[in-house]
Amino acid sequence: MSVAIQMPNTSAIDSGHKYSVILPTYNERKNLPVIIWLLAQTFDTNYLDWEIIIVDDASPDGTLEIAKQLQAVYGENRIILKPRAGKLGLGTAYIHGLNFCTGDFVIIMDADFSHHPKFIPKFIKLQQTHNLDIVTGTRYSSHTTPNLQEAGIIPGGVYGWDLKRKLVSRGANFLADTVLDPGGYVFQMEMMVRARALGYTVGEVPITFVDRIYGESKLGADEIVGYAKGVWALFTGV
């Protein structure tokens, strides 16, 4: 996944907004407690109102049971469970989760730490500074777009990826850049393309993508083929 979407630092953050995180899961029982704790710490430290919508696709490893335990710890107002009957895909999981968001802004991200919650305050700061409609993470830039006059901006990059993962990512982004002008897998890519086509404002924050700590990557041949089809569909339809 090449984009982590949406908003959010500390002293300059307007705490009057609520942020909804959509977190699709499939076999993430080991990662889920940690990512939820990191998200809660990030929001609470910055005095932000929040909720997390967990969309589990019938994980056979018991992810949903872990999610229920986390709901008991953090509260039903913070952890909202909206499971589905089977593995129906990442893009449709985000769309499903959107139906249950009550926040003013929506954050979409993975549960495997490829998108670390520590970057969320920079997303919010950039969005508020320039009144942007969408903020996305990028691993191919060393500065925010539009510019954010603030210390501590770390250049984007990747950590822990093997050669295959890097080649797939580079190939996917080259394909999108050649045919369209975005990056990312189909859902995020389509959202960015259609948003730009409709005149919405989009900003970028450099982030570091890391390989998952637990479990196996969901990136396989079906996802790669689906990405290529998505690029072509957008090229011919937008």
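W50 is buried, with a relative accessible area of 2%, where buried denotes under 20% relative accessible area, exposed over 50% and partly exposed the range in between (1.4 Å probe, protein chains only). The model is predicted, so that local features need pLDDT of at least 70 and side-chain atom pairs count only at pLDDT 80 or more, whereas totals for chains, interfaces and linings use all residues. Residues are numbered from 1 along each chain as its sequence is written, and side-chain values use heavy atoms, with hydrogens and water left out.

A search of the whole structure finds four aromatic pairs, a pair being rings of Phe, Tyr and Trp (its six-membered ring) with centres within 6.5 Å, classed as stacked when the planes are under 30 degrees apart, edge-to-face when over 60 and tilted for the rest. The ring centres of F43 and W50 lie 5.9 Å apart with planes at 15°, and the pair is therefore stacked; both F43 and W50 are buried. The rings of W50 and Y74, with centres 6.4 Å apart and planes at 70°, form an edge-to-face pair. Y74 counts as partly exposed, at 23% relative accessibility. Ring pairs link Y19, F43, W50, Y74 and F105 into a cluster.

Leaving aside neighbours within four places in sequence, F43 is in contact (heavy atoms within 4.5 Å) with Y19, V21, L48, W50, I107 and I120.
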